[in-house]
Amino acid sequence: GGGGRAFCGDPSDFGSVYLDGSSGYIQTPDMATAIPTDRFAVELWFKAAGEGTLLVEIYQDASGSVHRGPAIKVNTNGLLKAKIYPITGWSFSIGSVEFNKWSHVVYRFDGTFATGFVNGDPATKLETAVLTRDAPAHLNWEIGSVTDTSTTGWFQGRIGQFRVWNGALDNALIEANFASCLTGTEDGLVLYWSFLASTVCATTVLDSTPAARDGRMLGNATFDTSDRAPMHARIGTTGTTGSASNPTVCTEVYRPIEVVTQSTYLDNPNASPTNLYDRDQDTF
C-alpha cells in the first residue's frame, strides 16, 4: 500500500540480467494498450557472447491469430539483422557489434518503415518496402528467447537497460539519450527497466514508469550486479555526467513512483505480473 512502490535491495546499484543461451529470457507484459497506433521504438543495452536471438515479437491481430517470430538477431559475425511482421525474411541490417562488449540497439516502427540504430548511429540499410499492419490486439516482446518451434538460437550474454516508447523516436532524441539514464517520466516513455538492484525482486523486473509495466525473468535468467551497461547520469541527476569515452555508472537517479497500477503482487511475493503471454498455451 501507500504512494510509492515497494522496492527491494540497494537503490544505488545497477546490474544486468545474464541469459545462459539455453532457456533464459525476459518477457514484457502486453504492450498493445500502451502503443495504440502501433508506432513504437524499443531500445536496449546488451552484451552478446555470440550469435543468438536478441528480441522476439508476439503480435496478435484483430482476428485472434498469434504471430510469433524473431525481431532482432545477432549473426555469427556480429551483424544485427531485423524484421517485423508481416514481412518475411530478414528485411534489413541495423549494424554490427563486437562480442563481449556492451552495445546499444534501437528498433523502431513508424507505421510504414522499420529502422534501427546501433550505439547512437543510424542503420545504413533501412526497410524500403511500405509496410501496413493493423494495430495489434496484443503485443509482447521477449528478450533472448526463440520461436516456439526452435530449440536453437537462444541469446547468451547480458541485458542492460530496456525501454519502450509509444512513438518512433527521432534521430536527435536517440543520439542524445541512448547512453543516459532516464527519470521514468519522459514524454512517450511507456516502459523502462533500469535494472537497479532495487527494481529486480526475485524473478520480477519492476518498471520505473508510473504505468508499472513490470516483466518477468524466465528459464535460467539471473540478475546480478557484477556487470552493467556503461550508462552515465545526465546533468541535473545525482552522479556524474561521464563522457562518451569514459562514461560513469548512473547513481541514485531513480525517482520513486507515486502512481501504481497492476502491482498487488508487491504485497504478495507469490503473485505474478499481469497481462503476460503464455508460451506453452500460445495465448494471452
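This is a predicted model: local features need pLDDT of at least 70, side-chain atom pairs count only at pLDDT 80 or more; totals for chains, interfaces and linings use all residues.
Residues are numbered from 1 along each chain as its sequence is written, and side-chain values use heavy atoms, with hydrogens and water left out.

The protein chain has 1 helix and 17 strands; helices (H or I, at least four residues) and strands (E, at least two) are DSSP runs, numbered from the N terminus. Of its 284 residues, 52% are buried. Here, buried means under 20% relative accessible area, exposed means over 50%, and partly exposed lies in between (1.4 Å probe, protein chains only). The accessible surface comes to about 11800 Å², and carbon and sulfur atoms hold 49% of that surface; such areas come from the Shrake-Rupley method with a 1.4 Å probe, and for residues only the protein chains shown count as cover. Among contacts (heavy atoms within 4.5 Å) with a separation of 6 or more, 68% join residues 24 or more positions apart.

An open sheet is formed by 9 strands in the order S7-S6-S5-S4-S11-S2-S16-S15-S14, with antiparallel pairing. Two strands pair if DSSP finds at least two bridges between them. Strand S7 (92-96) and S14 stand at the edges with a single partner strand each, so one side of each has no neighbour in the sheet. Within the sheet, S2 and S11 run antiparallel and are joined by 2 bridges, and Ile26 stands opposite Ile143 in S11.

Because 5 of its 5 residues are buried, S9 is largely enclosed by the rest of the structure. Ala114, Gly116 and Val118 point one way from S9, while Thr115 and Phe117 point the other way. S9 pairs in the antiparallel sense with strand S8 (residues 102-109) over 5 bridges, and Val106 has Phe117 in S9 as its bridge partner. The hairpin of S8 and S9 has 4 residues between the strands, and Gly111 takes a positive phi near 95°. S9 also forms a hairpin with S10, with 2 residues between them, where Asn119 in the turn has a positive phi of about 50°.

How many aromatic pairs does the structure hold? There are 9 aromatic pairs. Rings of Phe, Tyr and Trp (its six-membered ring) pair if their centres lie within 6.5 Å; planes under 30 degrees apart count as stacked, over 60 as edge-to-face and the rest as tilted. The ring centres of Trp45 and Phe178 are 6.1 Å apart and their planes stand at 20°, so this pair is stacked. Trp45 lies in strand S3 (residues 40-48) and Phe178 in the loop between helix H1 (171-177) and strand S13 (189-193), so the pair ties together parts 133 residues apart in sequence. Trp45 is buried at 5% relative accessible area, and Phe178 is buried at 17%. For Phe46 and Phe155, the ring centres are 6.3 Å apart and the planes at 75°, so this pair is edge-to-face.

Most residues other than glycine have a negative phi. Asp38, however, has a positive phi of about 60°; this residue lies in the loop between strand S2 (25-27) and S3. Ala202 also has a positive phi, near 55°. Asp38 is buried at 2% relative accessibility, whereas Ala202 is exposed at 71%.
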